[in-house]
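Biologist: Please take one part of this model and look at it closely. I would like to hear about the sheet and a few of its residues.

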Amino acid sequence: MSDGRDIIEPRDPEISEKSEIHRKIQQYIGRRYEVYLIDGRIIRGTMLATDKDANMVFNQADERWTNPTMPGVRNLGQAMIAKKYVTRMILLPEPKIVKVEEFHAALTRAEGAVEINGTGEKTEEKKEESKETKI
């Protein structure tokens with residue numbers, strides 16, 4: 001019978017020094033890369049982890065082809081890439097953070113079509129104009 005105590009004794013957390021290699025690898029985690037594979041595929045994604053053999057796990061990954069006969073992008077989600085299939089890696093620039101108002105203004109200028117209010121719907125003026133253009 002149990003006397004109510006936890007059978008796992010808590011330990012004091014050990015403060016361990018990370019190796020030089022571990023510290024160098026840490027700088028690559030969480031950054032976006034474009035990874036070229038030997039079969040002509042290009043995988044873009046955010047590096048989540050790597051192991052001692054330099055195999056890598058990417059999040060929000062997508063797949064493209066260097067061959068122009070294979071256009072398009074395929075969403076992969078998470079992808080694990082073995083080091084032996086990598087020919088090169090390119091660090092991608094950090095995406096620019098844009099305020100919602102700036103995005104809507106740029107979208108309106110680019111499309112020249114609709115003006116949206118805070119609810120994401122067309123304003124009444126623009127709805128009427130769009131009806132007129134359809135006739």
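Modeller: Two strands pair if DSSP finds at least two bridges between them. Strands (E, at least two residues) and helices (H or I, at least four) are DSSP runs, numbered from the N terminus. This is a predicted model: local features need pLDDT of at least 70, side-chain atom pairs count only at pLDDT 80 or more, and totals for chains, interfaces and linings use all residues. Residues are numbered from 1 along each chain as its sequence is written, and side-chain values use heavy atoms, with hydrogens and water left out.

Start with the sheet. It is open and has five strands, in the order β4-β3-β2-β1-β5, with antiparallel pairing. β4 (74-81) and β5 are the edge strands, and each pairs on one side only.

Now look at one pair. Strand β2 (residues 41-50) runs antiparallel to strand β3 (residues 56-65), and eight bridges join them. Arginine 44 has its bridge partner in β3: aspartate 62.

Glutamate 63 also lies in strand β3. Contact means heavy atoms within 4.5 Å. Leaving out residues up to four places away in sequence, glutamate 63 touches Arg41, Ile42, Ile43, Gly72, Val73, Arg74 and Leu76.

Glutamate 94 sits elsewhere, in the loop between β5 (86-91) and α2 (100-111). Glutamate 94 is exposed, at 56% relative accessible area.

Definitions and conventions. Buried means under 20% relative accessible area, exposed over 50%, partly exposed in between (1.4 Å probe, protein chains only).
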